[in-house]
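Visitor: Hi, I have just opened this one and would like a walk through it. Could you take me around?

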Amino acid sequence: MSHSTEAGTVPHPALQVPYRDLDQQRETATLGMFVFLLTELMMFGGLFCAYLVYRTLYFPSFQEGSKHMDLAIGAVNTAVLICSSLTMALGVQAAQKGRSKAIVSWMAVTLLFGCTFLVLKGVEYYQHWRAHEVPGLGFDLASSTAGVDIARVQLFFVLYFIMTGLHALHMLIGIGLVTWITICAGKGRYTEGYHNPVENVGLYWHFVDLVWIYLFPLLYLISRTRT
């Protein structure tokens with residue numbers, strides 16, 4: 001089926017106004033996704049900057065807060081998201097080749113990884129709640145290094161919950177998008193000529209994974225640094 005809208009040809013059903021062909025539509029959609037991800041980068045970048053400033057000012061307190069992170073869960077979740085990026089990339093590759101069944105399979109595995117991440121994150125949040133490590137809700141560290149300012153440790157947890165909570169929200173949105181892609185792929189909507197929704201969702205998913213790659217060392221590993 002032709003992708004052109006010139007006289008005598010039938011336009012692709014996925015072609016939208018005002019684009020002249022699928023290539024132009026795909027390039028525009030990809031540019032739009034990169035612009036959107038740039039705004040997301042600025043949002044997370046502001047949080048990272050705030051974290052780094054306070055980490056520099058109150059390093060002993062932030063180091064103390066990091067000691068209360070569940071390193072095992074954080075490491076497993078990091079591995080889970082790295083694997084999910086691989087399966088997403090394979091799903092995008094399948095879409096570029098017009099292999100609908102392969103898209104569904106890889107997206108399903110990606111969904112499994114994404115849900116696993118959220119479940120483990122929920123378990124970790126529950127552990128913090130049980131240990132009274134949620135700021136503003138009777139925050140009280142059962143054990144802490146002598147001389148550490150508890151209020152500044154609580155600041156660490158404030159940033160921790162904001163940054164990881166926002167990341168989890170983005171992961172939840174990503175799961176919704178991947179579910180939508182899986183359903184559409186099951187209906188055979190993606191071909192070699194039209195697959196830019198899969199690519200754009202893939203870009204979003206990789207961005208969310210990349211944010212966690214930075215969150216993990218910043219939040220979980222500073223308790224193992226000396227300066």
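Guide: We will go through the pocket, then a helix, then the salt bridges. This is a predicted model, in which local features need pLDDT of at least 70 and side-chain atom pairs count only at pLDDT 80 or more, while totals for chains, interfaces and linings use all residues. Residues are numbered from 1 along each chain as its sequence is written, and side-chain values use heavy atoms, with hydrogens and water left out.

Visitor: OK, what volume does the largest pocket have?

Guide: Its volume is about 180 Å³, where a pocket is an open set of points on a 1 Å grid over the protein atoms alone, where a 1.4 Å probe fits, with protein on both sides within 12 Å along at least five of seven lines. The volume itself is the space filled by probe spheres set on the points.

Visitor: And which residues line the largest pocket?

Guide: The lining, meaning residues with an atom within 4 Å of a point, consists of L41, G45, F48, L52, F207, L210, V211, Y214 and L218. The elements giving two or more residues to this lining are α1 (22-57) and α6 (196-220), helices being DSSP runs of H or I with at least four residues, numbered from the N terminus. Of these, α6 gives the most, with five residues.

Visitor: Switching topic, how many residues does helix α3 have?

Guide: Helix α3 (residues 71-96) has 26 residues and reaches 38 Å from its first C-alpha to its last, close to the 38 Å expected at 1.5 Å a residue; the expected span is 1.5 Å times one less than the number of residues.

Visitor: What caps its N-terminal end?

Guide: D70 does, with a side-chain oxygen 3.2 Å from the backbone nitrogen of A72. After α3 comes G98, whose phi is positive, near 70 degrees.

Visitor: And how many salt bridges are there?

Guide: The count comes to three, taking a salt bridge as a side-chain nitrogen of Lys or Arg within 4 Å of a carboxyl oxygen of Asp or Glu. One of them joins E124 and K121, whose closest N and O atoms are 2.9 Å apart.

Visitor: Are those two buried or exposed?

Guide: E124 is buried at 0% relative accessible area, and K121 is buried at 1%, with buried meaning under 20%, exposed over 50% and partly exposed in between, for a 1.4 Å probe and protein chains only. They are three residues apart in helix α4 (residues 100-130), so about one helical turn separates E124 and K121.

Visitor: What about K67 and E64?

Guide: Their side chains meet in a salt bridge at 3.8 Å, N to O; K67 is partly exposed at 47% relative accessibility, whereas E64 is buried at 4%.

Definitions and conventions
Polar contact = N/O pair within 3.5 Å; in protein donor to acceptor, adjacent residues only side chain to side chain.
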